[in-house]
Amino acid sequence: MTTRREQILGTAAELFAARGFHGVSVADLGAACGISGPALYKHFASKDAVLAEMLVSISRWLLDGGRACVGSAGSPSAALAALVDHHVGFALEHRPLIVVQDRDWSSLPEQAREEVRATQRAYVDVWADQLRALHPDLTLDAARAMAHAAFGLINSTPHSGLLPDTEMRRVLSSMALGALGVGVGGAEPAY
């Protein structure tokens with residue numbers, strides 16, 4: 001069962017993605033949730049707090065899930081396959097959050113922006129560690145660049161998601177795994 005707070009976050013993500021953070025008022029958000037604008041303040045201190053929780057919580061969720069993927073994998077290639085699956089699932093299920101982060105990053109309060117940055121850096125390093133374990137000649141910077149490139153590919157779903165989600169999942173996963181040098185006949189990545 002979805003809590004009112006989760007409903008507000010989900011609705012806000014949809015509205016912010018469609019109209020931009022500054023294009024949505026507290027009254028708009030409240031109305032879309034079936035409550036008055038002022039009633040929103042029972043759950044969040046401000047519209048800025050909604051944006052902050054939205055992006056901080058999804059960043060933490062990605063990091064926690066990424067660490068769990070690695071923890072349950074038996075090898076670097078299995079860990080990377082699980083990481084790709086985890087991130088593709090996120091991208092297909094949370095397209096609005098990708099749009100909001102890309103477009104409304106500058107509206108994020110500074111403290112939340114720093115927390116999101118630190119959490120996302122840790123998430124990149126989860127991927128980079130597995131890439132370096134699979135490809136020992138990779139430098140840390142190269143592994144991080146490869147992780148970012150994979151995210152760019154996967155996070156293209158708000159724009160490239162022209163196929164049904166099942167097909168899109170297959171396309172994104174195979175492309176990301178190939179780009180990372182996982183499961184392609186042992187071929188080294190072109191970096």
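**Exercise 1. Find which residues make the nonpolar surface patch of about 370 Å² in this predicted model.**

Solution. Start with the members: L162, L163, V171 and M175 make the patch. Last, check how open V171 is. Its relative accessibility is 30%, so V171 counts as partly exposed.

**Exercise 2. Work out which parts of the chain the R5 and E53 salt bridge ties together.**

Solution. First look at the contact itself: the two side chains, R5 and E53, meet at 2.4 Å, N to O. Then place each partner. R5 sits in helix α1 (residues 4-19) and E53 in helix α3 (residues 47-72), so the pair links parts that are 48 residues apart in sequence. Now for accessibility: R5 is partly exposed at 32%, and E53 is partly exposed at 25%. The structure holds nine salt bridges, this pair being one of them.

**Exercise 3. Decide whether D104 is buried or partly exposed, then do the salt bridge partner R103.**

Solution. Take the pair: the closest N and O atoms of D104 and R103 are 3.8 Å apart. Buried means under 20% relative accessible area. D104 has 4%, so D104 is buried. R103 comes in at 39%, so R103 counts as partly exposed.

**Exercise 4. Say how confident the predictor is, and where pLDDT falls below 50.**

Solution. Begin with the whole chain: the mean pLDDT is 93, and 95% of the residues reach 70 or more. Then go to residues 184-191, where pLDDT is below 50. Beyond near neighbours in sequence, that stretch has eleven contacts in the model.

Key: Residues are numbered from 1 along each chain as its sequence is written. This is a predicted model: local features need pLDDT of at least 70, side-chain atom pairs count only at pLDDT 80 or more; totals for chains, interfaces and linings use all residues. Side-chain values use heavy atoms; hydrogens and water are left out. Patches are made of residues with over 30% relative accessible area and no salt bridge: like charges are joined within 9 Å, nonpolar side chains (Val, Leu, Ile, Met, Phe, Trp, Tyr) within 5 Å. Accessible areas come from the Shrake-Rupley method with a 1.4 Å probe; for residues, only the protein chains shown count as cover. A salt bridge is a side-chain nitrogen of Lys or Arg within 4 Å of a carboxyl oxygen of Asp or Glu. Buried means under 20% relative accessible area, exposed over 50%, partly exposed in between (1.4 Å probe, protein chains only). pLDDT is the predictor's confidence in each residue, from 0 to 100. Contact means heavy atoms within 4.5 Å. Helices (H or I, at least four residues) and strands (E, at least two) are DSSP runs, numbered from the N terminus.
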